[in-house]
Amino acid sequence: TPARHMVVNQALEYLNSLAQESAGDQSLERELVEAYLRVGDVQGNGRVSNLNDAAGALASYGRALAIAERAARSDPRNADGQRYLARAHMSMGDMLAQRDDPIGATPHYRNAVIAFEALAPHITGDADAQLDMGNAYAALADELGNPEFHNLGDVTGAKDAYQKAGAVFAAIAAAHPDNLRAQRGLGLMEMRIGDIEMALGNK
């Protein structure tokens with residue numbers, strides 16, 4: 001663990017220095033976003049082995065998001081830029097959701113969905129990007145109104161987002177029947193919608 005802390009600190013020093021020179025260099029900006037997201041994962045992403053540094057992870061994800069937003073503003077039609085923007089919002093949302101903060105997480109998930117919707121015409125043949133889009137809808141739904149999570153109490157909004165996620169996973173599964181992630185996502189959305197119907201009293 002001390003060695004990992006040292007590596008993270010050295011990486012951040014290097015990235016922070018590089019970030020000051022990145023404005024206008026789209027390739028470098030994308031690499032910086034990717035690097036900050038990976039450092040944030042090592043610091044505090046609960047889905048992987050991490051250093052349990054939630055505050056540090058949020059700071060790294062925040063830096064990634066700031067760079068991604070700047071890049072997206074300078075070239076809003078750039079599909080790669082929109083995808084990195086969506087990923088940065090997802091990472092911020094995941095960290096805040098991990099801390100049981102639906103008020104903080106929900107706007108990031110909404111922005112991730114908006115970015116993915118803008119990307120939709122460009123990712124019709126990219127199953128991984130489409131899976132990310134489905135996951136963004138699902139994460140938004142969890143925070144809006146899934147009774148199994150801390151949520152904002154918007155059950156109707158949650159159901160709508162789960163249905164959109166399910167449609168994305170169903171389209172991937174139809175085009176790629178061997179894609180187990182899509183099959184799993186589709187099944188999970190059916191379960192989530194069932195939870196919502198139960199919450200609405202529709203047994």
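Modeller: Let's start in the middle: the largest nonpolar core has 58 residues, and Tyr-36, Tyr-109 and Tyr-162 have the most contacts inside it. This is a predicted model, where local features need pLDDT of at least 70, side-chain atom pairs count only at pLDDT 80 or more, and totals for chains, interfaces and linings use all residues. Residues are numbered from 1 along each chain as its sequence is written, and side-chain values use heavy atoms, with hydrogens and water left out.

Biologist: What makes a set of residues a nonpolar core?

Modeller: They must be buried Ala, Val, Leu, Ile, Met, Phe, Trp, Tyr or Cys residues, joined through side-chain atoms within 4.5 Å. The largest share here, 11 residues, comes from helix 6. Helices are DSSP runs of H or I with at least four residues, numbered from the N terminus.

Biologist: Why is Ser-91 called buried?

Modeller: Buried means under 20% relative accessible area, exposed over 50%, and partly exposed in between (1.4 Å probe, protein chains only). Ser-91 has 14%, so it is buried. This serine is in helix 4.

Biologist: What label does Asp-100 get from its relative accessible area?

Modeller: Asp-100 has 47%, so it is partly exposed. You'll find Asp-100 in the loop between helix 4 and helix 5, with a positive phi near 55 degrees.

Biologist: Why are helix 5 and helix 6 called roughly antiparallel?

Modeller: Angles run from 0 to 180 degrees between N-to-C directions, using axes fitted to C-alpha atoms over the stretch in contact. Under 35 degrees counts as roughly parallel, over 145 as roughly antiparallel, 65 to 115 as roughly perpendicular and the rest as oblique. The axes of helix 5 (residues 102-119) and helix 6 (residues 127-145) cross at roughly 150 degrees and come within 9 Å. The two helices are therefore roughly antiparallel.

Biologist: Which residues make the contact between them?

Modeller: Among them are Tyr-109 and Phe-116 of helix 5, and Ala-139 and Leu-140 of helix 6. Contact means heavy atoms within 4.5 Å. Leaving aside neighbours within four places in sequence, Tyr-109 is in contact with residues including Met-90, Ala-139 and Leu-140.
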